[in-house]
Amino acid sequence: MNPKQWPSLLEAKDVLDRFLADAHALEQMEAAARLMTACLKSGGAIISCGNGGSMADAMHFAEELSGRFRNHRAPYRAISISDPTFLSCVANDYGYDAVFSRFVEGHGKRGDVLLAISTSGNSTNVVQAAEMAHKLGMHVVGLTGKTGGLLAPLCHAEVRAPLSPFADRVQEIHIKVIHAWIEYLEDKLRG
């Protein structure tokens with residue numbers, strides 16, 4: 001079977017190869033992992049958010065930490081902002097731009113980490129959540145794409161997927177990074 005028959009797979013490989021060759025991205029990935037490890041070791045929580053496929057990634061990250069990934073262990077404090085009743089309540093009362101920041105304001109505290117996911121880096125509700133996290137003394141870890149957008153300067157550590165014409169290539173990098181972070185956290189927090 002000829003892999004050229006599946007150009008999407010070849011594009012995905014190219015984007016991953018470019019990501020792995022980006023020393024800065026890998027350094028930011030490590031910096032983010034250290035922030036999350038310190039947060040969880042000190043009893044803090046990781047709150048994650050994103051829209052659409054990025055919300056699915058935020059949910060996946062939180063459930064793997066609070067449930068289990070590969071091995072049995074104690075649950076870690078992680079939650080995604082994804083409760084539909086909360087989202088629709090806040091969107092109705094304050095507008096959709098406030099759905100994540102309102103949750104962060106109510107649940108976040110100094111030393112916690114916000115994992116903010118936006119393929120463009122310009123999702124207003126994700127940017128506002130990062131701004132609120134700063135006000136509370138939280139650390140902000142970003143998963144972005146393109147130029148990093150408005151989210152990039154708000155991040156203590158920002159992992160940016162290589163430039164790609166499509167969001168799905170960015171999301172494929174994001175999920176690989178998420179899985180690598182979970183493995184890292186399980187290793188560092190073991191015992």
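The structure contains an open sheet of five strands in the order 2-1-3-4-5, with parallel pairing; two strands pair if DSSP finds at least two bridges between them. Its edge strands, strand 2 (78–80) and strand 5 (157–160), each pair on one side only. The model is predicted, so local features need pLDDT of at least 70 and side-chain atom pairs count only at pLDDT 80 or more, while totals for chains, interfaces and linings use all residues. Residues are numbered from 1 along each chain as its sequence is written, and side-chain values use heavy atoms, with hydrogens and water left out.

**The sheet**

- Helices (H or I, at least four residues) and strands (E, at least two) are DSSP runs, numbered from the N terminus.
- Strands of a sheet pair through backbone hydrogen bonds, either parallel or antiparallel.
- Strand 1 (residues 46–49) runs parallel to strand 3 and is joined to it by four bridges; here Cys-49 stands opposite Ala-116.
- Strand 3 also runs parallel to strand 4 (residues 139–144), with five bridges between them, and Leu-115 stands opposite Val-141 of strand 4.
- Strand 4 is in turn joined to strand 5 by four bridges, again in parallel, and Gly-142 has Glu-158 in strand 5 as its bridge partner.

**Strand 3**

- Five of the five residues of strand 3 (residues 113–117) are buried, so this strand is largely enclosed by the rest of the structure.
- Buried means under 20% relative accessible area, against over 50% for exposed and partly exposed in between (1.4 Å probe, protein chains only).
- Val-113, Leu-115 and Ile-117 cover one side of the strand and Leu-114 and Ala-116 the other, and all are buried.

**Helix 1 and helix 7**

- Helix 1 (residues 7–20) and helix 7 (residues 167–189) pack at an angle of about 55 degrees, with their axes 10 Å apart.
- Axes are lines fitted to C-alpha atoms, for helices over the stretch in contact, and angles run from 0 to 180 degrees between N-to-C directions.
- The two helices are therefore oblique to each other; angles under 35 degrees count as roughly parallel, over 145 as roughly antiparallel, 65 to 115 as roughly perpendicular and the rest as oblique.
- In helix 1, Ser-8, Glu-11, Ala-12, Val-15, Leu-16 and Phe-19 meet Arg-169, Glu-172, Ile-173, Lys-176 and Val-177 of helix 7, where contact means heavy atoms within 4.5 Å.
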